[in-house]
Amino acid sequence: MNTSFSYRLRVLACDGCGAAVELPHGGGHGRCHRCGSPMAAPIRPETAVPRSPPMQDQVRMTHLRQQDGRPVMRPPGLEALVSPAGEIDAWKLGEARQIWGATRAHLRSQPSDLAAAERLVFLTMALSNTMAGSGDDLGLRALYEGALEVLALPRHRQLMRGYLARNATRLGDVESAQAWLAGCDPGSDDLQTDSVYRITHAYISTAMNDPQSVLRVLGGSEADVPIHDAMDPIAVVLRANAWERMGNVEAARGLLARFMTSQGGLGAAVESVAKVMPAHWQVCAQALQGARMEHRRHVARRAGSGAWAGWVLLASGLALAVVVVSGAISDPPDARELSTGPVIVVLLFAVLLPAGLGLLGLRMIQGAKRQKIIAESGLQGQARVLALDRTGTEINDVPVMRIDVEVRVAGRPPFRASTKKLMQPHEASMLIGREVPILWHPKYPGEVVLEV
């Protein structure tokens, strides 16, 4: 068993290079094995989260529901380092580590600086996202525990203890996971704090093959218990897996499919959550495939929906052509009229307008067909939005935007592609720099379908 997240250990990050260093609980000195820097640590502080005062469950649920739908916001001061989605570019990791260490050192002497605490928590989450799947479990543990020891707010401490507990569970150390969870608050009326407890409890129960306990803490459906937006994908996967383990695969598939198709991008989030869970858990082994197919059909319908506008334009062009031809047959101009400038302009307009509408309609129909094929049978990947521009086309006063992206698909070097999407300008501007889930097909290498 991997004991990197053992409750009995104390692991902190080196102030010099960020490497994990094991230190004594009672405080003392150590030396970084990577850079040789000396390290000194005080006595391990008490990091248990104080219990909230008793509250009627109905009142607490009302408070929790009032906070739902509020995403985690990036703290001021991190705009140049961390994307709005909490991602750090590879070339900025060194700077991020340096700022993380400096912020942690500042909080040792100024624990009441709440703005600094928010920055440390957000940086810890962002850095841990980059380390996920790296195999550096001790480094990840040092990141969480290093932040935990200097954080004062109960919400912040609960977040870090939840990370430590879930990672201990992932590595099979359920005893340590339960010890980390025992120091958490099970009855908070703060949604983020409460969601951490519920998700972590359900995670441990999943490892112990106790699906009934998962459904007790998370509820049988997404409507039963409010969960913080950032943890919704984990909750739906654990909840669906519990139903599947209890033999109700159809309920599990329905939960997954409903969540994956409810908003763009959530299909990829569910896939990511299921992928990083321990393979021997076989999370949603049956239900996920059916939900995935339903989600793809939903994305394909949406991707191909632009065809209707193409058919409208094509039909308009044909109708205008019929009107022009009929008029020419019923009342043909004489030779003298044909030689005048105004009549020539009118005739050109009468010919070019129907032709232009028809060609534009055909292009939109063909584009929608390609998008539907990509959505139905393309490969999943990630893309960074590089640029957006108006195409000059508007439908119902909504502009069609061209979106240029850098695509990453497994087994291929990064490449550029684009897509077109009906979007309001203010919505489109929020995509710049974001990492978004996409679908890509080798038959149409220059195009993608966004799952947002």
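Select Glu149 in this predicted model: the residue lies in the loop that separates helix 4 (137-148) from helix 5 (154-170). Glu149 has a relative accessible area of 15% and is therefore buried, the cut-off being under 20%. Next, display the side chain of Arg10, which forms a polar contact of 2.9 Å with the side chain of Glu149. Apart from neighbours within four places in sequence, the residues in contact with Glu149 are Arg10, Leu12, Arg44, Pro45, Thr47 and Arg104.

From that set, proceed to Arg44, one of the residues in contact with Glu149. The charged end of Arg44 sits over the ring of Tyr7, at 5.6 Å from the ring centre. A further arrangement of this kind may be displayed by selecting Arg97 and Trp100: the charged end of Arg97 sits over the Trp100 ring, 5.9 Å from its centre.

Turn now to the aromatic pairs, of which the structure holds 4. For Phe415 and Trp440, the ring centres are 5.1 Å apart and the planes meet at 55 degrees, so the pair is classed as tilted. This pair links distant parts of the chain, with Phe415 in strand 7 (residues 415-422) and Trp440 in strand 8 (residues 435-440), 25 residues apart. Both Phe415 and Trp440 are buried.

Finally, select the cysteines Cys184 and Cys284. Cys184 is counted as buried because its relative accessibility is 2%. Cys284 is likewise buried, with a relative accessible area of 3%. How many disulfides does a search of the whole structure find? The search finds 0.

Terms used. Residues numbered from 1 in each chain as written. Predicted model: local features only at pLDDT ≥ 70, side-chain atom pairs only at ≥ 80, totals over all residues. Heavy atoms only, no water. Disulfide = S-S within 2.5 Å. Buried < 20%, exposed > 50% of the residue type's maximum accessible area, 1.4 Å probe, protein only. Phe/Tyr/Trp six-rings, centres within 6.5 Å; stacked < 30°, edge-to-face > 60°. Helix = DSSP H or I, 4+ residues; strand = E, 2+ residues; numbered from the N terminus. Lys NZ or Arg CZ within 6 Å of the ring centre and 35° of its normal. Polar contact = N/O pair within 3.5 Å; in protein donor to acceptor, adjacent residues only side chain to side chain. Contact = heavy atoms within 4.5 Å.
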